[in-house]
Amino acid sequence: MTAVQPSAVPALAVSGLRHRWPGGTRDLLSVDHWQVMPGERVLVLGPSGSGKSTLLSLLAGVTVASQGQVSLLGVDWAALSPARRDARRADHVGYIFQQFNLLPFLPVDENVALPCGFSSRRRERAGSGGVRAVAHEWLDRLGLPADCWRRPAAELSVGQQQRVAAARALMGSPEVVIADEPTSALDEDTRDQYMQVLLAACAQAQAALVFVSHDRGLRCHFDRVQGLDDGQLVEVQTGVPA
């Protein structure tokens, strides 16, 4: 886990985005211009159903926009085949899913190591100490006791699984970390520890962080806070109620 030099290319860039679900009659998201630079920390606030998860899916290339351009590190997702999108996502994006998406019967540390199995680039960036050792380091930093590391992921509590999902996303220092409501199951003390580790890891790797939540108490941790209002991203002042 070595420090990475920042790039002048936006980590994420959106231009002329219009997105609606097939058969829909109105745009769910409408974003004219938006970008996130390497190392920048952006919080997107909004209630359930406001389109936060859809926005993250578009940023990560899981979903391709109905109209407009969404780019990762200067490459438009729509210009890539599905297989190349998958490979690029594996190399450059750490995704903390709202529902965790852990493999339930796989040991916890093997769940964390999975990104390095799909991406030689992530495996190299994890360092020379061995993938499992690095997985254990992340689990320790996120407060998972060692007696959990070899247990099946399904045996952990919801809050513990949430931290395993974060450790997996951080493996191999991806340039972009996307987090979908990752603190929803954590108590306040555990949430604060989680945020400290996540932010420090992103700073070390100069990774852009896009974090969506409905928790306004997180605003102090971010460089930029935005809200989703009728499908559009609007600025939120960090010092006043949202």
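Predicted model: local features only at pLDDT ≥ 70, side-chain atom pairs only at ≥ 80, totals over all residues.
Local features require pLDDT of at least 70 and side-chain atom pairs count only at pLDDT 80 or more, while totals for chains, interfaces and linings use all residues. Residues are numbered from 1 along each chain as its sequence is written, and side-chain values use heavy atoms, without hydrogens and water.

Helices (H or I, at least four residues) and strands (E, at least two) are DSSP runs, numbered from the N terminus. Four strands form an open sheet in the order E2-E1-E4-E5. The pairing is antiparallel; two strands pair if DSSP finds at least two bridges between them. Strand E2 (29–36) and strand E5 (75–76) are the edges. Each has a single partner strand, so one side of each lacks a neighbour in the sheet. Strand E1 (residues 12–19) is joined to E2 by seven bridges. In this pair, His-19 stands opposite Leu-29 of E2. Helix H1 (residues 52–59) packs on the sheet and touches E1, E2 and strand E4 (67–72). Contact means heavy atoms within 4.5 Å. The direction of H1 makes about 120° with that of E1. Axes are lines fitted to C-alpha atoms, for helices over the stretch in contact, and angles run from 0 to 180 degrees between N-to-C directions.

Val-44 belongs to strand E3 (residues 41–45). Its relative accessibility is 0%, so Val-44 counts as buried. Buried means under 20% relative accessible area, exposed over 50%, and partly exposed in between (1.4 Å probe, protein chains only). Not counting residues up to four places away in sequence, Val-44 touches residues including Lys-52, Leu-55, Phe-211 and Leu-233. The C-alpha atoms of Val-44 and Gly-227 are 5.3 Å apart, although 183 residues separate them along the chain.

The axes of helix H3 (residues 108–118) and helix H6 (residues 158–170) come within 6 Å and cross at roughly 35°. On the H3 side, the contact is made by Val-108, Asn-111, Val-112 and Pro-115. H6 contributes Val-164, Ala-167 and Arg-168.

Two loop residues remain. Most residues other than glycine have a negative phi. Asn-101 has a positive phi, near 55°. Asn-101 lies in the loop between strand E6 (93–96) and H3, and is partly exposed at 43% relative accessibility. Gln-206 also has a positive phi, of about 55°. Its loop runs between helix H7 (188–205) and strand E8 (208–213). With a relative accessible area of 25%, Gln-206 is partly exposed.
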